[in-house]
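This report describes one structure, starting from a single residue and moving on to the contact between chains and the confidence of the model.

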Amino acid sequence: MSASEHVDILVVGNGMVGHRFVEAAIEKGLLANRRMLVVGEEWRRAYDRVHLSSVFDGVEEHDLQLGEDDVYTTDGVELLLADPVVSIDPNNRLARTEKGRSISFTDCVLATGSAPFVPPIPGTAASGSFVYRTLDDLTAIRDWAKGCRTGAVVGGGLLGLEAANALRLLGLETTVVEFAPRLMAVQLDDGGAATLRRHVEALGLNVRTSAAATEVLTTPDGRVEGLRFADGPDLETDLVVFAAGIRPRDQLARACGLDVGERGGIVVDDACATSAPGVWAIGEVACHRGRVYGLVAPGYTMAEVVADRIAGSDATFEGADLSTALKLLGVQVAGIGDPHADGDEIVIADPIAGTYQKVIVDREGRVLGAVLVGDSSPFATLVQCLRGTIETPDLIDVLRPSAGPAAAGGIGDWPDTAGVCSCHNVGCGTIRAAVREGFEDVGGVKKCTKAGTGCGSCVPVIQELIDAELSRAGKTVIKRLCPHFDMTRPELFELVRMSGIRTFSALVERHGTGRGCEICKPAVASIFASLSSTYILDGEYASLQDSNDHFLANLQKDGTYSVIPRVPGGEITPAQLIAIGEVARDFDLYTKITGGQRIDLLGARVEQLPLIWARLIDAGLESGHAYGKALRTVKSCVGTTWCRYGVQDSTTMAIELELRYRGLRSPHKIKMAVSGCARECAEAQGKDIGVIATERGWNLYVGGNGGMRPAHAELLAEDLDDAGLIKAIDRYLMWYIRTAERLERTATWQRKLPGGIDFVRRVVIDDELGLGESFEADMARHVAGYRCEWTETLEDPQRLERFTSFVNTDEPDPTVVGVTIRGQRVPAGAQS
Amino acid sequence: MSATEQVAGSRIDISGLDPDGWTAVCRLERLTPDRGVAALVEGRAVAIFLLADGSLHAIDNIDPISGASILSRGLIGDVDGTPTVASPMFKQRFELLSGRCIDASDVAVTVHDVGLVDDVIHVRLQGSP
């Protein structure tokens, strides 16, 4: 006993909740006059267990570490790792570690968490049988998986699906085995679980429900080779992970006589005090009012309470609801309150979109519980309803996804007291204050308030609050298109598509305010153009187009325009080349070869444009749409026609693609390329649509671009035949056109999609949303309706009227002055 | 002489006024609602706009920021009810009524008088060139 060192606070356990306690103790100034020792069993300091599987998805282990690097070097804090506490003597306030360190304490905080439950069946000790709790567990699973093809997870709850994701990311053919008749039996009802199951299966996972594993089958040398069930055939598997629930790690407490609950867990009161004075218990090891919480948020609250108590206040933990929202295998899933409550149900299910939403209300319309799968955007609002911090709004409005989170419940109007981040117990008021202090994005607010740094489910709400606070302060919120339309471009597109409205004046009158502006007018014009093949400058449309579209040419710095005829696939006849050269010579235009294998003719005055185009069209050329947010070029190499290495006719394919998609208006410009072999001379992987020939067909890459932020395209499909390639591009482009924001390139749009390229593949190739036909029909209409805009313009003298420098004289614009450099005319002052 | 309604103080029948200083530019139907045209008035480039509400506006055509003669090709918008034109070069917005640039302080264009005589648009220059 004399060898004991004394600390004021001993923290047993350095998991997520133990760590939160350390942070709370520092924040609350407990360490000004106290010493604290933190003892952990693992050799790593605290890390985020909630997102464990992300280490198989490119996240570095270090990124999972909780807290700043210097938390445990704060004065008064000592961290002891890989030396767990093995016994406690609460009467004498002493503890001993495995390596024999003896510690006397004033207060002891038990945060030993929980252990995975492994059912008592034969074979669980075999090689290849794992649990899923620590980074070391994951390392062991990864090492073993190297020799495996298949894996099974016992447990279809939160943890089980996380573990299944880990196996999937390791490339194993994975089966989830669940004892209950449905996945996530605690949080979801049958409808929600069925929807989740469809998502999970679409990812290539197998699911077996109502399956009670009775034995782990092993080879003679003791390796896992399968699972046996009470019912049904055996499952062959090279690896099995048990993730079927957790049990509190209360052995220390039991050994020293602290009260424990009937089903485990150290009994604590509302102060989180155990039956022994000076000993506290928090997190998954604590049993509060008969309940053990398997979620991190209540644990964090308990940590705060105990820190407050030690500081001398009378904070209490009053229990927590089990509302939780998370992303499992890329699927949004949320349970709120009691999802099995007895009451009236509102259910909205969309099997095509893969969403399921149910809210249970009592006779007075109060929310008792809810289940959300596929779209958990109403989560935050429903939680506030459940807690009574806001008046329950019209629930149909809250649920209907098209209404969006902004319309649903008016997060901007929540009271300052409404909680936002339950992990760190941050309310609306704190976030608003942070925004007013100048933290105007989610990253800044996270840093300043910690909100959103736990499970992350409240990040959309934080975004909403920031937006609301910014617009209250009169600052621009990027989300809505412009002050005239309080919706995003995808919402506007859908509105136009479904309503059939085809004039801007009707659209702004019915769904907007004011008269429009330079943002919404071209955006709407582009949407109209994507949805029909009407001439883009007729009637009211003329007033909507950006200057470039208005004159069907590209404005240059001196007020002149550039002209770019289409050169499909970069293939051009000598006669056309001569025609272009003659036009350039006769109109004294500067010529330059573009990066997209075309020829740019610069320095044309407005009134020259129709004359120039009459000549070009005579030579068999047509508009290149360089002026529009539209398909620009399809670059190609010479392919099998000339090249010794080519494996497909890339030029012919490039021409076919360019002629198919020419004139297609889109949220931003689109560039494509086709390479005839893997040498990739056309640089297809730097294009929105990149096609690379293989021995068997075409590989399709999507979402690349050059420019300021170059993006490498991602492989969407391999070895497509010609028809399959075109079908996939049709679908991809139309989906992008319908759902991207204004001026959003494919790379950004694709990156923001939940599930990234996998999701793109499921929608475009597997047609999981059932939209393929509609995309293809839209594209077929575009292809059939295409006409060269310059040909159309020249046909009608009235359309030519706008092409004058001055309405009252034929005098050329006196401000356009050229000088000659290297034998060509350029704007005067160009060299200054 | 046809009577024209007076809207927003800018589509004004000026046929009774002293013709001195007014220059006939073009017929009203040459203009598309919510778009502009450029005219050369006494050697000065002027942008003339017809808005959807029927009002006419005239400002300098030269964009003081880029120096190019292009404001007539800009898009018409409204900022809290005030009509604007956005320069097609770098998108700065100018108020049609005051000539003030909303997006760059200390920048403005001159606003000119514009009116109608028998559906012919007339412009009277203001300020020094």
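## Surroundings of Gln357(A)

In this predicted model, Gln357(A) touches Ile348(A), Leu372(A), Asp375(A), Pro378(A) and Leu399(A), leaving aside residues up to four places away in sequence. The residue belongs to strand β23 of chain A, which covers residues 355–361.

Is Gln357(A) buried or exposed? Gln357(A) is buried, because 28 other C-beta atoms lie within 10 Å and the cut-off for a buried residue is 20 or more. Val347(A) is 10 residues from Gln357(A) in sequence, and the C-alpha atoms of the two are 5.7 Å apart in space.

## Contact between chains A and B

Chain B gives 28 residues to the contact, and chain A gives 24 residues. On the side of chain B that touches chain A, the elements giving two or more residues are β2 (23–27), β3 (35–41) and β6 (75–79) of chain B. The largest share of that side comes from β3(B), with 5 residues.

Sorted by class, the side of chain B that touches chain A holds 16 nonpolar, 6 polar and 6 charged residues.

## Confidence in chain A

Chain A has a mean pLDDT of 89, and 97% of its residues reach 70 or more. Residues 401–409 of chain A have a pLDDT below 50; this stretch has 19 contacts in the model beyond near neighbours in sequence. Where pLDDT is low, predicted coordinates should not be read in detail.

Notes: Residues are numbered from 1 along each chain as its sequence is written. Chains are lettered from A and ligands numbered from 1 in the order in which they are written. This is a predicted model: local features need pLDDT of at least 70, side-chain atom pairs count only at pLDDT 80 or more; totals for chains, interfaces and linings use all residues. Helices (H or I, at least four residues) and strands (E, at least two) are DSSP runs, numbered from the N terminus. A residue is buried if 20 or more other C-beta atoms lie within 10 Å of its own, exposed if 12 or fewer, and partly exposed in between; C-beta atoms are placed from the backbone. Two residues are in contact if their C-beta atoms, placed from the backbone, lie within 7 Å. Ala, Val, Leu, Ile, Met, Phe, Trp, Tyr, Cys and Pro count as nonpolar, Asp, Glu, Lys and Arg as charged, and the others, Gly among them, as polar. pLDDT is the predictor's confidence in each residue, from 0 to 100.
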